[in-house]
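Trainee: Could you pick one part of this chain and walk me through it up close? I would also like to know how the rest of the chain is arranged.

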Amino acid sequence: MFDGRSLTFRAILGPEGFEADRTIEIGPDGCIVRIVPGGPPYDGFIAIPGMTNAHSHVFQRALAGRGEAAYGEESFWTWREAMYRLANAITPEQLYAIACYTYAEMMCNGFTHVVEFHYLHHQSGGSRSLAMTDAIVTAANDIGLPLTLLPVYYRTSGFDGAPASFEQKRFVHDSVEDFLLTLEAMGDVANGVAPHSLRAVPPEDLVPLIEGAEAILGESAPIHIHVSEQMREVLECRERFGRTPIELLGDMVPIGPRWNLVHATHATDAERVVIREAAANVVLCPLTEAYLGDGIFQAREHFHASGFAAIGSDCNVRVSPVDEVRQLEYGQRLRDQKRARLATEQGVGVPVWSWLVDGGRRAAGYGTAALSCGSRADLVVLDEEGPTICGQELEVALDAWIVGGDVRDIASVYVAGQRRVEKGVLNGEPDIKTAFAAAMRAIWSS
Ligand SMILES: [Zn+2]
């Protein structure tokens, strides 16, 4: 006898596509026990799997609008100076307030899991403490957004191996051993490991870092790295090592299914073949890559060649999975001057949402497919009366949402079978907006 709860929808987006009239039975642990045929009354119109946000630096939510003035050649690197100013000012209490607000925004917009690429480790001035880590973990817990925490190893300021600069002091560990002490001190809250980039991690540190992290976290923990994001990064790496960052990475460590290459924007055709042969994931951050002027990943080719990919909100200048997916598809259209670049005969919504949900689960270290037996019941329920969806046939609704919709088309969001968001509002929402605004004023008035 089934003793959990059940939810019935007009349709669900399962691993094989849309299935009409389905009841999802959910066990006391919040995981799906069974999916069976079911009819009215419905609990909602279309239930799609919640999206994993596979790459977030939550503190950067405070940065929107900074670094926009043009002084000559405006670029990623001037934005980074503004980011350093924020990183050096922010307190653990302010980080908690910003993280609560941002994680709530994520959930309201359809992210049901976040992978936090956490490099703001130390106190202002560089003294050691886990207060910043605690702020992030507590915020995710308080909001109810499941978190994969990836502590980041960061040592140098460039490919020449120069020591990290004064502005980077809160990010930096002196050695792999030093970092592993931090990782060990974090205990169960650390779920994976992230060498920041090959700019920040000397190649000879990679093997001891991965081996040391495996000894603490186990051999299935996900590994993430920023790689091939900017052309300047690629050029500097070639100059120093005679190889691109992705070539250098592959020469230093065996890349495999646990590896997540964040951005990989400038991966060459041959490098994308290597990534696919290794069954590694790429983590695309389309809004951030557009915002920073990084470039456009060859997503069409990678998608149609069955490569793995996830999406992340990265700098959190805008927090919305549907906007990320739209930017990804529209970027390909603008480059190619053609429509439907990631679409199949099923349209754009079904294949692309499913592709990125699957990649997001890989990035977070999950094995099972979304919306299948044993997976956590994380659902985004589209609203039959939503402004972009109303009056549309079932088959068109998800495409309509991808090309033109937003949070107003979301009726509810479930995490582990619990309805956490209703009509864009977090259930039992604490006073997170006031605390967020106070933190923003304090940071930028100082
Ligand atoms: Zn990043």
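Mentor: Let's begin with a term: helices (H or I, at least four residues) and strands (E, at least two) are DSSP runs, numbered from the N terminus. Residue numbers start from 1 along each chain as its sequence is written. The model is predicted, and for that reason local features need pLDDT of at least 70 and side-chain atom pairs 80 or more, while totals for chains, interfaces and linings use all residues.

A residue is buried if 20 or more other C-beta atoms, placed from the backbone, lie within 10 Å of its own, exposed if 12 or fewer, and partly exposed in between. Helix 8 covers residues 269-277, and buried in this helix are Glu 271, Arg 272 and Ile 275. They sit on the same side of helix 8, because their arc around the axis is only 100 degrees; that arc is taken from the directions from the helix axis to the C-beta atoms. On the face turned away from the buried side, you will find the exposed residues Asp 269, Ala 270 and Glu 277.

What do the buried residues of helix 8 pack against? Their partners are helix 7 (245-252), strand 10 (259-263), strand 11 (281-284) and helix 10 (299-304). A contact here means that two C-beta atoms, placed from the backbone, lie within 7 Å.

Let's step back to the whole chain, which has 14 helices and 16 strands. Of its 446 residues, 52% are buried. An automatic or database assignment sets the domain bounds: domain 1 is 5-50 + 369-426, and domain 2 is 52-364. Their C-alpha centres lie 28 Å apart, and 25 residues of domain 1 are in contact with 25 residues of domain 2. Helix 13 gives the most to the side of domain 1 that touches domain 2, with five residues.

Finally, look for the largest nonpolar core, which has 137 residues, with Tyr 103, Met 107 and Leu 382 making the most contacts inside it. Such a core joins buried Ala, Val, Leu, Ile, Met, Phe, Trp, Tyr and Cys residues through C-beta atoms within 7 Å. Helix 2 (residues 92-108) gives the most to this core, with 12 residues. Both domain 1 and domain 2 give residues to this core, so it lies between them.
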